[in-house]
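Here is a short tour to read alongside the model. Please keep the structure open as you go.

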Amino acid sequence: MLKVFGLIGRYFMLMGKVFSRPEKAGIYRRRIVYEMEALGVDSIGLTAIISVFIGAVITLQMCINLDSPFIPRSLVGYATRETMILEFSSAVVALILAGKVGSSIASEIGTMRITEQIDALEIMGVNSASYLILPKIVASMIFFPFLTILSILIGVVGGWLIAAVTGIMIPADYVDGLLMDFKPYSITYTLIKTVFFAYIITSISAFYGYYAKGNSLEVGTASTRAVVACSVVILLFDLILTQVLLI
């Protein structure tokens, strides 16, 4: 327990350094644009592939399990839309990105630590924590909501495609369900969650990489710990934010 509190204390101390006043805003703007491409744009393909298959699977499962003449088939489209918006495209995509983006951040910063590049930045008078971590946090918090919207759209299209290709239900009924009882606040809710998850993924992964020590094997261990910690905290905050924002 003391070790956990020690980690939390070191984490908040690092975040204090990260959010201190940057030396040159122009440098940070260029790094934010670079990190948006590295962390966000490069994740579009993975997000799209997973979303289209999950949307298709949700539609198939709903069609199979709601096989009753008393249940309107349009509820399949409604359930697919709500599942994608409320949970999958925010929480589940965040867990997947924690594995891809989180491990990448931890290994990148961890490698810089063990090769003494971070020490060199400190010697030159650069706030290494802010210079390396802040652009990643800002970039992910800006770009991840776009990934969430993309995931919702592609997942819904994936459900329509499986309905049209397999004939398991009439595509027009699926579309009717998509338009049924839509609440715009659901989009706001999932985007708020995504911003929190983006911060969690980048800050925790950067923390584990920043304090990595030893050799390349230790960097791999730090990356693994970062992904596990991100996943646990994401699930915890998913529960907390759902309680706060929906109830």
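Predicted model: local features only at pLDDT ≥ 70, side-chain atom pairs only at ≥ 80, totals over all residues.

## Starting point: Gly-45

Gly-45 sits in helix α3, which spans residues 44-65. Helices here are DSSP runs of H or I with at least four residues, strands are runs of E with at least two, and both are numbered from the N terminus. With a relative accessible area of 40%, Gly-45 is partly exposed; buried means under 20%, exposed over 50%, and partly exposed in between, using a 1.4 Å probe and protein chains only. Glu-108 lies 63 residues away along the chain, and its C-alpha atom is 21 Å from that of Gly-45.

Residues are numbered from 1 along each chain as its sequence is written, and side-chain values use heavy atoms, leaving out hydrogens and water.

## The nonpolar cores

A nonpolar core is a set of buried Ala, Val, Leu, Ile, Met, Phe, Trp, Tyr and Cys residues joined through side-chain atoms within 4.5 Å. The largest one has 43 residues, and Leu-14, Val-18, Ile-133 and Ile-201 touch the most other members. Elements giving two or more residues to this core include α1 (2-18), α4 (74-114) and α6 (128-166). The largest share, 12 residues, comes from α4.

Another core, of 7 residues, lies apart from this one; Val-76, Met-169, Tyr-174 and Leu-178 are among its members.

## Where α1 meets α6

The axes of α1 and α6 come within 8 Å and cross at roughly 90°; axes are lines fitted to C-alpha atoms, for helices over the stretch in contact, and angles run from 0 to 180 degrees between N-to-C directions. That makes α1 roughly perpendicular to α6, a term for angles of 65 to 115 degrees. On the α1 side, the contact (heavy atoms within 4.5 Å) is made by Leu-14, Met-15, Lys-17 and Val-18. On the α6 side are Ala-129, Ser-130, Ile-133, Leu-134 and Ile-137.

## Two loop residues

Glu-116 lies in the loop between α4 and α5. Its phi is near 65°, a positive value in a residue other than glycine. At 54% relative accessibility, Glu-116 is exposed.

Asp-181 is in the loop between α7 (171-178) and α8. Phi of Asp-181 is near 50°, again positive in a residue other than glycine, and Asp-181 is partly exposed at 46% relative accessibility.

How values were computed:
Parallel < 35°, antiparallel > 145°, perpendicular 65-115°, else oblique.
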